[in-house]
Amino acid sequence: MARRAADLLVDCLAQHGTDRVFCVPGESYLAVLDALHDRNAIETVICRHEGGAGFMGLADAKVSGQPGIVFVSRGPGATNASIAVHVAEQDAVPLILFIGQVPRAEVGRRSFQEVDYAKTFSDMAKGVWVIDDADRIPEILARAYAVAKAPTPGPVVIVLPEDMLEDMTSAEVIEPIAAPRVASGAEALEDVVARLARSERPLVIAGGGVGSPEGRAALLAASEAHALPVALTFKRQDLFPNAHPNYVGHLGFKIPKPMVDRFAESDLILAVGTRLGEVTTQGYTFPATPVPRQPLIHVYDDPGKIGREFRTELPIVADATAFLRALAGRSSTAPAARKAWIERLHAPVAAAMPWAAPKDGLLDMGAIVAALVGKVADDTIFITDAGNFSGWLHRHFPFSGKHLMVGTVGGAMGLGMPAAVAAGLRHPDRTVITFIGDGGMLMTGSELATAVQYGVPIKVFVSNNGSYGTIRMHQEKSYKGRVHGTELQNPDFARMAESFGATGLTISTIEEAAEIVAEALETEGPVVVDVHTTLEHISPFANLADLGN
């Protein structure tokens, strides 16, 4: 039966399990919007900026584990959305960006808003396909979903010439392509168990590849079965119970040097479910490149990522969860020195976890984190925008292993508000709390309108210190006292929230924090809390006055 290409496209989306798309409408894909009009099984979420739409698709993928789907128009729409494509590549997140394109007869003539997307996205996307023939829609979509999901998840781009979408086609929907099965690493298990049994000071570095509930459970079980200390990668503190005696911290930006020095004393590294990127490895110094100072066992499901930067003594191409589950099924007797090693790593982290009010009495985001501890459910979803303010959550909140934290490993600002909306739509029964800086709030904070429009009751805490704080920190370290380009003049974020139809609250002192945080959590609907933090507390580990001295 013949049907319009746009209708076939939407049928293919449904066949692949898509139930929600994020978009900013554009004339170059009007036919798709028309096809979605009668497709009740797929919700269309209308966003206020293509960057926000892209971030929502990205966050939806992080929360659901399935590709996030985003539609934008050509030219400006596509380039606005490119930030999400870059983050998806950096964070290994499955994302499919559909871009409307000029009619086929105009391609190559530099017509209105025309872009060569194969060139534009070649360094970010895993694949870019232009659908010139409507009959190929099912084939290309099936391939795009498969490529986006495995072996290392990432973004793909599909370009849709607007006249093609009106073509008639008799092509049939194709069933989803099964993901290739990756081994469990069982053939290397005996070697791994033997190495762990001999090691006095092993260290597990676990990343997003074990982010599923099954992966978290397997990580915990393997850690306990073999008495293994676990360090988590950047923005992954939620993967392992932070109160567990085997938890030894995370490898993130600007963590204290003594912590890195302690990790460096290890005599064996077992990296599982991580690509061992620049942030996690502290600038490729731990493990050291090209030859680590410790034997490295690297378990990852993409052979192209193992041994790329580091000499790997035991490379294991395997599904991280399956490997950990198999490892947990075995047991080994740890050397007597292991207990002291784990305590040495865990004790400083445990001691630093509770937040203490600073002696100067000035407000920082630690007061907000302290007010949340013990007050939120174990399934709460935390969103962090990029910036130093998120460090207080990373350092002082005791993630249970069941909490979910979503942030940009790639460091892009602007995720906070859109991601909170997407997470709230995906899990309307769970509390969603987002930490945003004043800079990020004024990048994509307009997506608060989307939260209000769709009734998503997100709780937003804005760190309002009048500065691009992370950049100011680096500026003070390198050019003490020469402040330029980092100062901000901000609106009243509480009143701004009220103008959107949300509740607006303000915290100005440490003493107000607990009561107003409780009010925000109890208030129905979206809430924005304007937290008047001090710039002096530039990060959880440094004061402004001490930098550059």
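A salt bridge is a side-chain nitrogen of Lys or Arg within 4 Å of a carboxyl oxygen of Asp or Glu. By this rule, the count in this predicted model comes to 26 salt bridges. The legends below describe some of them, together with a charged surface patch.

**View 1. Glu27 and Arg74 form a salt bridge.** The N to O distance between the two side chains is 3.8 Å. The pair links distant parts of the chain, 47 residues apart. Glu27 is in the loop between strand S2 (20-23) and helix H2 (30-37). Arg74 is in the loop between strand S4 (68-72) and helix H4 (76-91). Glu27 counts as partly exposed because its relative accessibility is 41%, and buried means under 20%, exposed over 50%. Arg74, at 8% relative accessibility, counts as buried.

**View 2. Arg74 also forms a salt bridge with Glu162.** The closest N and O atoms of this pair are 2.6 Å apart. Here too, distant parts of the chain are linked, with the two residues 88 residues apart. Glu162 is in the loop between strand S7 (155-161) and strand S8 (168-169), while Arg74 is in the loop between S4 and H4. With a relative accessibility of 26%, Glu162 counts as partly exposed.

**View 3. Arg195 and Glu313 meet in a salt bridge.** Their side chains are 2.6 Å apart, N to O. Is Arg195 buried or exposed? Arg195 counts as buried, because its relative accessibility is 16%. Glu313 has a relative accessibility of 36% and counts as partly exposed.

**View 4. Salt bridges join four residues into one network.** The residues are Arg3, Asp11, Arg39 and Glu172. The salt bridges in this network share partners.

**View 5. Glutamates form a negative surface patch.** The patch is made up of Glu511, Glu512, Glu515, Glu519 and Glu522. Where is Glu522 placed? Glu522 is in helix H19, which covers residues 510-522. Glu522 counts as exposed because its relative accessibility is 66%, and the cut-off for exposed is over 50%.

How values were computed: Residues numbered from 1 in each chain as written. Predicted model: local features only at pLDDT ≥ 70, side-chain atom pairs only at ≥ 80, totals over all residues. Heavy atoms only, no water. Patch = residues over 30% accessible without salt bridge, like charges linked within 9 Å, V, L, I, M, F, W, Y side chains within 5 Å. Areas by Shrake-Rupley, 256 points an atom, 1.4 Å probe, with all protein chains shown as cover. Lys, Arg positive; Asp, Glu negative; His and termini not counted. Charge placed at Lys NZ, Arg CZ, Asp CG, Glu CD. Helix = DSSP H or I, 4+ residues; strand = E, 2+ residues; numbered from the N terminus. Buried < 20%, exposed > 50% of the residue type's maximum accessible area, 1.4 Å probe, protein only.
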